[in-house]
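Here is a short briefing on charged pairs and helix packing. Please keep the sequence and the model open beside the text.

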Amino acid sequence: MPAGPRSAKQVRRAVVAHVDGALREAVGQLAEPLHAMAEYHFGWVDDNGGSVDPLAVAPRRRAATLALLSAGSEGTAWQQARNVAVANTLTAGGMFVHDDLVDGDRVRYGRPTIWQKYGMPVAVHLGTALVTLALRQLDHEPSEIACRLREGMTTCVTTICQGQAAEAAIEGGHTATWTQVLKIYEAKTAAGYFLSSGALVAGATDERARACYDLGQSFGVALQLVNDFESLWKDSASGLKDPMSDLRQRKMTAVVAFALEHRGPQVAELADFYSGDNSGEADVDQLRRLRGLLEVCGAKAWLEEQIATRTKVMYQNLRRAAADAVSAAELTGVLSDLVAPPKRSSWGL
């Protein structure tokens with residue numbers, strides 16, 4: 001057990017060292033070309049297919065990190081949670097592959113997304129294969145625990161798909177309210193399951209497992225709001241998505257829904273853009289002008305207030321969810337690193 005809490009960067013490296021061997025074994029079950037695509041997706045090879053030292057770059061392992069830290073401090077708890085951390089990483093990986101394709105996102109973590117690099121058809125197959133591998137990974141758990149985990153994971157994936165379908169249904173128009181969009185954000189996050197699954201395999205009580213789920217859901221919504229903020233007001237392509245992708249795709253994000261719901265003369269152009277012909281792609285100057293309208297009408301300030309409120313709830317839930325003082329401190333550091341705008345964390349899968 002560590003002498004004291006580690007920094008978010010130290011936790012990140014420790015998670016990679018703990019799970020990547022088992023994650024590679026799981027991915028090794030895939031035949032080509034899916035195997036090479038998965039290696040790229042999980043950050044083991046560069047854009048040209050050259051090997052990358054995972055400890056040198058500490059690739060994103062957010063889903064695994066949530067499971068391990070909810071299990072407890074490094075040691076026995078992390079050993080107990082390694083398998084489910086791998087399963088969660090596979091699940092998140094598959095959902096991200098599909099999400100990028102559906103959303104038309106071209107960049108993730110500063111590199112071309114799977115569908116951009118390898119094409120749409122094989123991206124669909126990789127995403128499905130990774131989620132299937134995740135369910136198979138749960139076979140390594142004792143039967144009673146495995147049954148509960150499968151139920152939780154399938155519920156999680158189904159709920160995410162329902163949320164994404166609801167999100168797709170409101171695109172191309174401007175009738176959704178910001179409260180409806182936030183409900184979709186709640187449905188789309190898998191963080192509640194990722195945290196509660198780690199606590200479950202470490203022998204947590206039902207009460208603490210539920211607290212972990214609540215923490216994950218509040219964190220997931222806060223993170224989505226931060227992503228919305230940074231997609232609009234951070235131009236670097238090294239973040240979670242390519243800059244202004246959601247605006248370019250006319251996605252009904254919470255900040256846009258708020259602006260349209262509280263419309264005035266400042267957002268007339270924004271309303272026309274969202275209700276107009278979706279076949280043409282806006283140029284950068286138009287997107288920047290539309291972004292400026294979100295500032296003028298107060299939507300940016302509203303988004304910042306929402307992030308602060310959701311983050312406060314997250315920290316309240318964290319006090320109930322942590323297994324011990326060390327993991328509580330490390331969870332605080334990791335989650336703070338992720339939901340503190342305008343700083344961009346490179347965490348993800």
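The side chains of Asp103 and Lys251 meet in a salt bridge, at 3.0 Å from N to O. Asp103 lies in helix α5 (residues 76–103) and Lys251 in the loop between α12 (245–248) and α13 (254–261), so the pair ties together parts that are 148 residues apart in sequence. The model is predicted.

- Asp103 is buried, with a relative accessible area of 4%.
- Lys251 also counts as buried, at 4% relative accessibility.
- Both values fall under the 20% cut-off, so Asp103 and Lys251 are each classed as buried.
- Asp103 and Lys251 belong to a network of salt bridges that also links Glu167 and Lys188.

**Other salt bridges**
- The structure holds 13 salt bridges.
- Asp100 and Arg108 form one of them through their side chains, with an N to O distance of 2.6 Å.
- Asp100 is buried, at a relative accessible area of 3%.

**Packing of α11 with α17**
- Two packed helices are described by the angle between their axes and the distance between the axes.
- Helix α11 (residues 206–233) packs with helix α17 (residues 325–338) at an angle of about 25 degrees, and their axes are 10 Å apart.
- That makes α11 roughly parallel to α17, because angles under 35 degrees count as roughly parallel.
- Which residues make the contact? On α11 they are Leu215, Phe219, Leu223 and Val226. On α17 they are Leu331, Leu335 and Leu338.
- By class, this contact has 7 nonpolar residues, with no polar and no charged ones.

Definitions and conventions: Residues are numbered from 1 along each chain as its sequence is written. This is a predicted model: local features need pLDDT of at least 70, side-chain atom pairs count only at pLDDT 80 or more; totals for chains, interfaces and linings use all residues. Side-chain values use heavy atoms; hydrogens and water are left out. A salt bridge is a side-chain nitrogen of Lys or Arg within 4 Å of a carboxyl oxygen of Asp or Glu. Buried means under 20% relative accessible area, exposed over 50%, partly exposed in between (1.4 Å probe, protein chains only). Helices (H or I, at least four residues) and strands (E, at least two) are DSSP runs, numbered from the N terminus. Axes are lines fitted to C-alpha atoms, for helices over the stretch in contact, and angles run from 0 to 180 degrees between N-to-C directions. Angles under 35 degrees count as roughly parallel, over 145 as roughly antiparallel, 65 to 115 as roughly perpendicular and the rest as oblique. Contact means heavy atoms within 4.5 Å. Ala, Val, Leu, Ile, Met, Phe, Trp, Tyr, Cys and Pro count as nonpolar, Asp, Glu, Lys and Arg as charged, and the others, Gly among them, as polar.
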